[in-house]
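Hello, and welcome! Could we walk through this structure together, one question at a time?

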Amino acid sequence: MGRKNKRNAKKKNTGGSGSADLSKQLLRFLDAHFGEQFNAKQLIKKLEIRDSLTKGGVEPALHKLASAGLISKTPRNYFSSTQEPDFIEGTVDHVNPRFAFVIPDDPEKSEGDILVKEANLKQAMHGDKVRVMVFPVKGKTGRLEGKVLEIVSRDRDEFVGRVEISPRFAFVVPDFKKVHKDIFVHRGDLNGAQHNEKVVVKITEWREGDKNPTGKITQVLGKAGEHEVEIHSIMAEFGLPFEYPEEPNAEAEAISDKITKKELDKRRDFRGVTTFTIDPVDAKDFDDAISYRELENGNLEIGVHIADVTHYVKTGTALEKEAFERATSVYLVDRTIPMLPERLSNGLCSLRPHEDKLTFACVFEMTREAKVVNHWIGRTVIHSDRRFAYEEAQENIDNQSGDFFEELTLLNDLAKKIRKKRFDHGAVNFETVEVKFDLDEKGTPLGLRVKERKDIHKMIEEFMLLANKYVAQYVYQKRAGKDTFVYRTHDSPDMERLDTFSNFAKRFGHELKMNSEGQISGALNKLMDEIQGKPEQNVLEQLAIRSMAKAKYTTEPKGHFGLAFAHYTHFTSPIRRYPDMMVHRLLEHYLDGGKSPEAEPWEKKCEHSSEREKNAANAERASIKYKQVEYMSLAEDKDYEGIVSGVTEWGVFVEITETKCEGMIRVQDMDDDYYDFDEKNMRLIGMRSKKIITLGDKVLVRVVNTDIDRRTIDLEFAKNDKQKTRSRTTR
């Protein structure tokens, strides 16, 4: 921790190995209770020393430690630690009921995360900001340990869960797996909730000495297990709004849909140029359009036109404030929670076909080899000729027929060349697996399928990336990055974490050579090509992504490692992302000759946007996991092929190959042997059989239990001679 242990210079022989162990035990306990005093009798009780020989050795050991200056002694023979601990602030990650980790705000102040046992958490909960005293001596695990001294701020005080009512009191069992305490509710604070209903509970107090917090039910969501109730539970859990507020909605409705001649005169007119949108079949908010025409010099003009949201959403309005607060649209398994009200997202700003629309554009002049020879950034007006679904556009390319098939084919060829240059320059090719559910009218999953990314998806992606890159470059190059702007950055990965990932990949039979930072992208791209369509594809893609740094919004003009861009931003989705609106505002300001504003307010908006983005991603994952659990509760009762995707001391995670659903086999339920956890190599080893279970193992599993409340799937290894009947859904 950067602090030398001054005791090393003072240590003296405290006797034989038995007395030395006792001295260490006493020293560790006193260090862990810095600022407190204990006599020998109290220490015997605290340390639960029972044999008379050791009891008799406690007082002499304490006096020897005091003589050596390792602890202090009062005239009345009370002893205390002399080793002043470190104090850090950090965030609680409550991994299981027995302990949590505190992740330091400043990593340089600690050798790593601090392990805090449940008894030392001082009622801190997952996500809370806390002040921790770090013990001078590492614990038996070899980790830094500590105790919470103060809860600096609570992450939240409202939770979603299922209420269990008994004659005299009730408890709410939280859905969130990292909340390990049920919340006590007095009968008078049930707010009309019935036994087993899903509710929102607000913690009102948690007195020192109480095992559980006390709360009041603020909202009754409905009967647990019903689709609408479970989705509403996820929305409440992640603080997502149920409806759009009245004031910003009214502002949106009052905006005129007329485009004045004065406004048109300010813009470059593309209404006569071939233009179309390509989006998912069920999309209603069309952010972006592509225009195409051939120039007299033989080059091609490709325009990336983006909905001009900030023309309609003015600063200081209720609309702007609500958009900022939401910061992003959220895409749950069955619905979209929009950043902007429908009047804007699906109407005024949506680039619908056969309508004049106001846009912000990045227009490229390219050779047929996809070399950009010129570009222009500014405001435009377009008139889209066609709205394509991805599937339609791909079919026209494949069949070489249909609307605009020649333009689509040429654009696709250009995109492939742009993509190749990007990868040649060092971009990393992550093709993550996405699952799509087919739901009936009640929201019950009828089936699931893996979304296929075809050329048309990649084509749109390449032109959006190109526009984002050139917009970022334009602002950066004006004054070498001194002008305040919103960048999307992605740090280089930590080589140690990549080395760990490389070892994981070896277990799947894949060799990665990454001896230097320059080799990373090539090695990862080779791996991504190798695993396409293989059972381990999703597992390794997820592990690779986790080993990388997280992308974020910031005013710092850093680069984007994953895309291999020196500068990058988000310009292309202002209907659904607030940072893109920020980019549009700043870009317009600079195009009009404005001076750089102060960076700090924009940086705070970036931080807020990054947090909301992370929250949205977690909510989206939760909704998918809910449907996966429900799907497996209804699926055929049979053996499933799977692949070991994670190993911990308490269980083995297995991804079922057929459904991409992940479940866990608990170590306590593995009755064929006693398994020891080898943390360094992420594997379990049978003590008698020496059987090894490790990442990448192909296994046969059976579903034994599904729990929609906790969104968990319990598995067991399939046994041909003894199959167990599973419980479909437990509460």
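This is a predicted model: local features need pLDDT of at least 70, side-chain atom pairs count only at pLDDT 80 or more; totals for chains, interfaces and linings use all residues.

User: Which residues of helix α8 are buried?
Analyst: Helices (H or I, at least four residues) and strands (E, at least two) are DSSP runs, numbered from the N terminus. Buried means under 20% relative accessible area, exposed over 50%, and partly exposed in between, with a 1.4 Å probe and protein chains only. By that scale, the buried residues of α8, which spans 318-326, are Ala318, Leu319, Glu320, Glu322, Ala323 and Arg326.

User: Which elements do the buried residues of α8 pack against?
Analyst: Contact means heavy atoms within 4.5 Å. The partners of the buried α8 residues are α5 (246-254), β18 (336-337), α9 (342-348), α16 (578-591) and α17 (599-634).

User: How do the rings of phenylalanine 324 and tyrosine 578 pair?
Analyst: Rings of Phe, Tyr and Trp (its six-membered ring) pair if their centres lie within 6.5 Å; planes under 30 degrees apart count as stacked, over 60 as edge-to-face and the rest as tilted. The whole structure holds 13 aromatic pairs. In this one the centres are 5.4 Å apart and the planes stand at 65°, so the pair of phenylalanine 324 and tyrosine 578 is edge-to-face.

User: How many residues apart in sequence are the parts that this pair ties together?
Analyst: Tyrosine 578 is buried, with a relative accessible area of 3%, while phenylalanine 324 counts as partly exposed at 24%. Phenylalanine 324 belongs to helix α8 and tyrosine 578 to helix α16, so the pair ties together parts whose separation in sequence is 254 residues.

User: Which strand and helix does the pair of phenylalanine 364 and tyrosine 470 link?
Analyst: Phenylalanine 364 and tyrosine 470 form an edge-to-face pair, with 5.1 Å from centre to centre and 80° between the planes. Both phenylalanine 364 and tyrosine 470 are buried. Their pair links distant parts of the chain, 106 residues apart: strand β19 (residues 356-366) and helix α12 (residues 455-478).

User: Are α16 and α17 roughly parallel or roughly antiparallel?
Analyst: Axes are lines fitted to C-alpha atoms, for helices over the stretch in contact, and angles run from 0 to 180 degrees between N-to-C directions. Angles under 35 degrees count as roughly parallel, over 145 as roughly antiparallel, 65 to 115 as roughly perpendicular and the rest as oblique. The two axes come within 10 Å and cross at roughly 155°. That makes α16, relative to α17, roughly antiparallel.

User: Which residues of α17 meet α16?
Analyst: On the α16 side, the contact involves Tyr578, Pro579, Met582, Arg585 and Leu586. Across from them in α17 are Trp602, Lys605, Cys606 and Ser609.

User: How many residues of helix α15 are buried?
Analyst: Helix α15 covers residues 537-547, and the buried ones include Val539, Leu540 and Leu543. They pack, together with the other buried α15 residues, against α13 (495-507), α14 (520-531), β26 (640-647) and β27 (651-656). The helix is largely enclosed by the rest of the structure, because the buried share of its eleven residues is eight.

Key:
Residues are numbered from 1 along each chain as its sequence is written. Side-chain values use heavy atoms; hydrogens and water are left out.
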